[in-house]
Amino acid sequence: MTTTKQCYGGAPGLPLSAAVRAGDLIFVSGQMPLDDNNEVVSGNIETQTRATLERLKKTLNLAGAELSDVVKVTVWIADPRDFTGFNKVYSQYFSSDAPARSTVRSDLVYDVRLEIEAVAYKAS
């Protein structure tokens with residue numbers, strides 16, 4: 001069996017791909033609440049969660065996938081007090097058949113409230 005690898009997108013000045021497809025799996029790098037100009041979307045956890053999930057959707061689309069194809073999500077959240085607000089928005093994007101998820105509290109490299117990475121399964 002031969003597995004092909006294809007990279008999609010990237011981050012200006014950073015040695016990474018926004019997403020990598022390896023066979024039927026799509027690995028999405030950590031997404032943050034950035035707009036189309038890579039500027040931080042300021043606001044509360046709900047605003048930043050929505051912006052991050054919209055960016056995740058766009059990145060998945062580059063690789064030919066959708067949120068419904070996501071099987072695993074890892075979330076880093078800067079302030080555990082934001083967990084309820086995060087879940088409120090997250091559940092609007094993943095309401096039924098939600099993917100497996102890990103959520104941890106972490107200091108983040110950028111001054112944002114959260115970062116989300118995902119793994120999707122999409123038969124090629």
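The following dialogue asks what lies behind some of the terms applied to this predicted model.

Student: Why is Asp97 called exposed?

Tutor: Its relative accessibility is 77%, and exposed means over 50%, so Asp97 counts as exposed. Asp97 is found in the loop between α2 and β5 (100-105).

Student: Why is Asn38 called partly exposed?

Tutor: Asn38 has 34% relative accessibility. Buried means under 20% and exposed over 50%, with partly exposed in between, so Asn38 counts as partly exposed. Asn38 lies in the loop between β3 (25-31) and α1.

Student: What makes the phi of Asn38 worth a remark?

Tutor: Most residues other than glycine have a negative phi. Asn38 is not a glycine, yet has a positive phi of about 60°. Asp97 is also a residue other than glycine with a positive phi, near 50°.

Student: How do you know that the buried residues of α2 line one face of the helix?

Tutor: The buried residues are Gly85, Phe86, Val89, Tyr90 and Tyr93. Seen down the axis of α2, they fall within an arc of 130°, so they line one face. The face turned away from that buried side carries the exposed residues Thr84 and Lys88.

Student: What covers the buried residues of α2?

Tutor: The cover includes α1, β4 (70-77), β5 and β6 (114-121). As for direction, α2 lies across β4, β5 and β6 and runs at about 155° to β5.

Student: How do α1 and α2 pack, and at what angle?

Tutor: Helix α1 (residues 45-62) and helix α2 (residues 83-93) pack at about 35°, their axes 8 Å apart. Their crossing is right-handed. On the α1 side the contact includes Ile45, Thr49 and Leu53, and on the α2 side Phe86, Val89 and Tyr93 are among the residues involved. By class, this contact has 6 nonpolar, 3 polar and 4 charged residues.

Student: What makes β1 and β5 edge strands?

Tutor: The sheet is open and has 6 strands in the order β1-β2-β3-β6-β4-β5, with mixed pairing. β1 (5-8) and β5 each pair on one side only, and these are the edge strands. Direction ignored, neighbouring strands are turned by 10° against each other on average.

Student: How do you know that β1 and β2 pair?

Tutor: Two strands pair if there are at least two bridges between them. β1 and β2 (residues 19-22) have 4 bridges, in the antiparallel sense.

Student: Which strands does α1 lie across?

Tutor: α1 lies across β1, β2, β3, β4 and β6, and runs at about 30° to β6.

Technical notes. Residues numbered from 1 in each chain as written. Predicted model: local features only at pLDDT ≥ 70, side-chain atom pairs only at ≥ 80, totals over all residues. Heavy atoms only, no water. Axes fitted to C-alpha atoms, helices over the stretch in contact; angles between N-to-C directions. Helix = DSSP H or I, 4+ residues; strand = E, 2+ residues; numbered from the N terminus. Left-handed = near helix turned anticlockwise from the far one by under 90°. Contact = heavy atoms within 4.5 Å. Nonpolar A, V, L, I, M, F, W, Y, C, P; charged D, E, K, R; others polar. Buried < 20%, exposed > 50% of the residue type's maximum accessible area, 1.4 Å probe, protein only. Arc of directions from axis to C-beta.
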